[in-house]
Amino acid sequence: MSTTGSYLIKGARIAGGDAADLLVENGFISAAGTSLSAAGATVVDADGLIALPGLVDLHTHLREPGREDAETVETGTRAAALGGFTAVHAMANSSPVADTAGVVEQVHTLGRQAGWAEVRPVGAVTVGLAGERLAELGAMADSRAGVRVFSDDGMCVWDPVLMRRALEYVKAFDGVIAQHAQEPRLTEGAQMNEGAVSAVLGMTGWPAVAEESIIARDVLLAQHVDSRLHICHVSTAGSVEIIRWAKQRGIKVTAEVTPHHLWLTDELVRSYDPVFKVNPPLRTNDDVLALRAGLADGTIDVIGTDHAPHPSEAKECEWAQAAMGMTGLETALSVLQHTMVDTGLIGWSDVARITSARPARIGRLAHQGQPLAAGSAANITLVDPAARWTVDPAAMATKGRNSPFAGRELPGRVVATFFKGHPTVLEGTLNSPLPAEAE
Amino acid sequence: MKHLLSTQDLTKADAVQILDTAEEMAAVSDREVKKLPALRGRTVVNLFFEDSTRTRISFEAAAKRLSADVINFAAKGSSVSKGESLKDTAQTLAAMGADAVVIRHWASGAPVRLATSGWIDAAVVNAGDGTHEHPTQALLDAFTMRRNWARINGTASAGTDLAGMKVAIVGDILHSRVARSNLWLLRTLGAEVTMVAPPTLLPVGIADWPCTVSYDLDETLAKGPDAVMMLRVQGERMNAAYFPSTREYSRLWGFDDRRLAALDEHGLDGTIIMHPGPMNRGLEISSAAADSPRSTVLQQVRNGVSVRMAALYLLLSGGFRSNAGTALPDIRPTAAPVPTKETAS
Ligand SMILES: [Zn+2]
C-alpha cells in the first residue's frame with residue numbers, strides 16, 4: 001500500500017473517553033497516545049471532537065447498476081463518507097440483481113474506483129430475488145468481492161425450506177443470511193403500520209405480526225441448523241422480545257435497527273406525505289421505545305441505515321403510488337446521537353460498538369471496526385457532538401432528496417472521515433477519494 | 001376553511017352552517033329557475049381518478065346551479081396502470097385557472113396531497129378518496145337525518161344538530177370511506193353511533209373510535225336506532241375470505257324483510273333506512289327495505305346536490321363564519337328564507 005500522506009489527529013476523545021493523539025501513516029494508525037508529534041504530518045486539531053472507528057453500514061441501497069437516476073456508487077459513497085462511514089454493504093436489489101459473481105464484482109470494482117468508502121456487495125439469496133431457487137452463493141463468496149452477507153432485501157425469503165437451505169449453505173464460507181422479515185400474504189397491498197392511525201386514514205395495514213412471525217420462524221431455523229442469521233431493520237416491540245428470547249438461548253442471531261425507526265412514528269403518515277413511506281413502516285411510539293431499549297441492552301446489535309434514495313417523481317405523488325424508502329447515510333449518526341446518546345441510553349463507546357465494531361464483525365470485514373489503537377487500519381471518524389445543524393436534503397451528496405428529517409435540527413456533525421488513512425472528509429465537507437492506485 | 005378534505009376537520013359551527021346553507025340551496029332547487037349567479041365566472045373542475053357517475057353528476061349539477069363553469073376531467077391511471085402524475089395534472093388545472101377541484105381518487109389521502117403539496121392553489125373538495133373519507137356524502141347523510149329528526153321532533157331543521165340521535169352503520173366498515181366520514185361528523189353533531197359488521201370488516205384500531213361496536217344487527221335494531229345506514233358490500237370481499245358466502249353475509253348483516261318487519265314490531269315508527277348507493281339489492285339490503293317508506297335513498301340523492309352546492313358556495317365565497325371577517329355575498333337573487341338563528345356550540 002503506497003502512502004496517502006500522514007496525519008496527526010490531536011486531542012480527540014477516543015470513543016468518547018480520554019483525549020489522545022492518533023498518528024495516521026500508510027493507511028494505519030502507527031501510534032496512539034498523548035503529546036505525539038510527527039515531522040511532516042498534517043496536524044488535524046480534534047480538540048472537543050470524538051474519534052470513532054469508521055462507521056460500517058450493513059444495509060445500503062446504492063442503486064447501481066440499473067437505477068443510476070436514483071443513486072450511483074459514486075454519489076452513494078460520497079454520502080457515506082460525509083456521514084462518517086468507511087464501509088457500506090450494497091444491497092442486492094439492483095438491476096440486474098446482484099445474484100452472480102459478475103454483478104457483485106462489478107459493484108465491488110465501482111466502489112474501489114470511487115474511493116470514498118469500502119463497498120461490500122451483498123449477494124442475493126435467491127435468483128432474481130424471486131424466492132424460488134438459491135443464487136450462486138458460493139461463487140459470490142469466492143469472487144473478488146468476497147461476499148459474506150446474503151440478502152433478498154426488499155423481499156422476504158418466505159419459503160421455509162429455501163430459508164433453511166440458505167442458512168445451512170452459507171456456513172461453508174462463514175456467511176450470514178440477512179432476512180427482510182415480512183410475511184408476504186399478511187402484507188399484500190400494505191401501505192403503513194396497521195393500528196389506530198391506519199384505521200383512521202383508511203390505509204391497508206402492515207401488521208407487526210407479519211414481521212414477528214418470520215423472525216420467530218427464522219430464529220428457530222437458525223437454532224435447528226446452527227447457522228448465523230441477521231435480521232434487517234427490526235421495527236416492532238414484539239420483534240425485540242423474540243430476538244431477546246433467541247439470544248438468551250444462544251441462537252446465533254444478530255439484529256439491526258434503522259435510525260428512522262428509533263425516532264419517527266406512524267403519526268407522521270397523517271400528512272400523507274410519501275417521504276414517510278418506508279418498508280417496514282414507521283410504527284408506534286411504544287415500538288420506538290422498545291427498539292431504543294433493545295439497542296441499549298444489546299438485543300439489537302447494530303444500526304443499519306437502509307439508505308434508500310429515490311428520484312423525486314417517486315415521492316411527488318399519491319401515497320399509494322409512492323416508492324418506499326428514505327435516505328439515511330448523512331443523518332444516521334446525528335439521529336443516533338439524538339435518540340440514544342443525548343437521551344442517556346448509551347455512551348459513545350456503545351456508539352462505536354453498534355455503528356462499527358459489531359457490523360464489521362457481522363460482515364466479516366477484516367479492516368473495519370477495529371479499536372482506535374496502534375496497528376489498526378486507519379478508518380476513523382471525527383464527530384463534533386456539540387454541533388447542531390438543520391437537515392437540508394438539497395445540500396446532501398446523495399442523489400435522493402427523500403429525507404424524513406428535512407427541516408429538523410439535529411445534534412452532532414461529522415467533521416472528518418479517514419478511509420484507510422486518507423481523509424475523504426475534512427472540516428465537514430468532502431475532501432478527496434482514496435486514490436485508486438493506493439490499493 | 002379553504003378545503004373540504006375530511007369531516008374530522010369540521011367544527012360543529014362549520015358543519016351546521018353547511019347544512020343550513022344547504023337548506024337554502026334546497027329551496028332554490030324547488031324553484032322553477034334552479035340557478036343562482038353566486039359562482040358566475042368561477043371554474044370548478046371535477047377531477048375523477050375513479051369512475052363514479054353519480055357523484056360526478058351530483059357535483060356537476062351543484063356547480064352549474066351556482067352558475068360556475070364546470071370542467072370534467074377523467075384522469076387516466078389506476079393502482080395498476082400509471083397515467084399522468086397527480087402533480088402534472090394539478091399544475092395543468094392550476095394553469096387553466098381552476099378555482100375549485102373536486103377530486104375523486106382510488107388512493108386514500110390523494111385530496112390531502114393535492115391540497116398540501118403546493119402544486120395548485122385552488123380549493124380542494126374531497127369527493128371520496130380510497131377507503132379514507134367521503135365528506136360530502138356524510139354531509140348529505142347528516143342533512144337527510146337532520147330533516148327527519150326535526151320532523152319527528154316537530155321542529156325546524158335549520159340551526160339544529162343531531163343531539164340524542166342514535167345511528168347504526170352496518171356493513172363493510174373496514175373499506176368504507178362513508179362510514180369514516182359519517183362517524184366523525186355524526187359525533188360532532190351529537191349523535192351516538194354503533195358500527196355493526198362481521199369482525200373481519202372492522203379495522204384493527206377501531207377500539208379508539210368514538211362509537212359502539214357490535215357484531216349483532218338484530219341486537220342493535222332491538223335497541224331502537226333512529227337511523228340505520230346500510231353500506232355497500234362488494235361480493236369480491238368473499239374471495240378474500242372476509243366472509244364465507246354472500247348468502248351468509250346477507251343472513252347475518254343484511255337488511256332483509258325480516259328485519260324490516262322487526263322495526264315495526266319494536267314500534268320504531270320513525271326509524272329511517274339509509275344507503276349511500278349504489279345498492280346491491282338482495283345482498284346488504286332487500287328490495288322491500290330499499291323501496292319502503294322508511295328508505296331515504298332517493299332523498300339522499302336529492303339532498304346531495306343541495307349539500308354540494310352549499311359546500312362549493314361556502315368554500316369559494318369564503319363564506320364560512322369561522323373565516324373571520326369575510327362578508328357573505330348575496331346568494332338570493334329573489335326572496336328566499338334567510339337563516340335567522342345560529343346554533344350555539
Ligand atoms: Zn428491507
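The buried residues of helix α1 in chain A are Val73(A), Thr75(A), Gly76(A), Thr77(A), Ala79(A), Ala80(A), Ala81(A) and Leu82(A). Buried here means under 20% relative accessible area, exposed means over 50%, and partly exposed is in between, with a 1.4 Å probe and protein chains only. Helices are DSSP runs of H or I with at least four residues, strands are runs of E with at least two, and both are numbered from the N terminus.

Before I go on, the ground rules. This is a predicted model, in which local features need pLDDT of at least 70 and side-chain atom pairs count only at pLDDT 80 or more, while totals for chains, interfaces and linings use all residues. Residues are numbered from 1 along each chain as its sequence is written, chains are lettered from A and ligands numbered from 1 in the order in which they are written, and side-chain values use heavy atoms, with hydrogens and water left out.

Back to α1(A). The helix runs over residues 73–82 and is mostly covered, with 8 of its 10 residues buried. What does the covering of those buried residues include? Among the elements are β7 (85–90), α2 (101–114), β8 (118–121), β17 (409–419), β18 (422–426) and β19 (429–430), all of chain A. After the helix comes Gly84(A), with a positive phi near 95 degrees.

Next, the metal. Which residues coordinate the zinc ion? They are Asp153(A) through OD, His180(A) through ND1 and His233(A) through NE2, at 1.8 to 2.2 Å. Donors are N, O and S atoms within 2.8 Å of the metal, or 3.2 Å for Na, K and Ca; water is not among the atoms, so sites may look incomplete. Along the sequence, the donor spacing reads D-x26-H-x52-H. The two histidines link distant parts of the chain: His180(A) is in the loop between β10 (176–179) and β11 (192–193), and His233(A) is in the loop between β13 (229–231) and α7 (237–248), 53 residues apart. His180(A) and His233(A) are both buried.

Now salt bridges. The rule asks for a side-chain nitrogen of Lys or Arg within 4 Å of a carboxyl oxygen of Asp or Glu. Over all chains the count is 35.

Two of the bridges are in chain A. Arg244(A) pairs with Asp297(A), with the closest N and O atoms 2.8 Å apart. Arg244(A) is in helix α7 and Asp297(A) is in the loop between α8 (285–296) and β15 (302–303), so this pair ties together parts 53 residues apart in sequence. Arg244(A) is partly exposed at 22% relative accessibility, and Asp297(A) is partly exposed at 45%.

Arg358(A) forms a salt bridge with Asp301(A), at 2.7 Å between the closest N and O atoms. Here the arginine comes from helix α10 (residues 348–362) and Asp301(A) from the loop between α8 and β15, so parts 57 residues apart in sequence are tied together.

In chain B, the side chains of Arg56(B) and Glu60(B) meet in a salt bridge at 2.8 Å, N to O. Arg56(B) and Glu60(B) are about one helical turn apart, because they sit 4 residues apart in helix α2 (residues 53–65) of chain B. Arg56(B) is partly exposed at 25%, and Glu60(B) is buried at 15%. Elsewhere, shared partners join Asp218(B), Asp256(B), Arg258(B) and Arg259(B) into one salt-bridge network.

Last, the interface. Chain B gives 24 residues to the contact and chain A gives 18. Together they bury about 1,700 Å², 55% of it on carbon and sulfur atoms. Buried area is the accessible area, with a 1.4 Å probe, that two parts lose on being put together, summed over both. The rule finds 1 salt bridge across this interface. That bridge joins the side chains of Glu316(A) and Lys87(B), at 2.6 Å from N to O.

On the chain B side, the elements giving two or more residues are α3 (86–95), α4 (110–116) and α6 (177–188). The largest share, 3 residues, comes from α4(B).

Definitions and conventions
Contact = heavy atoms within 4.5 Å.
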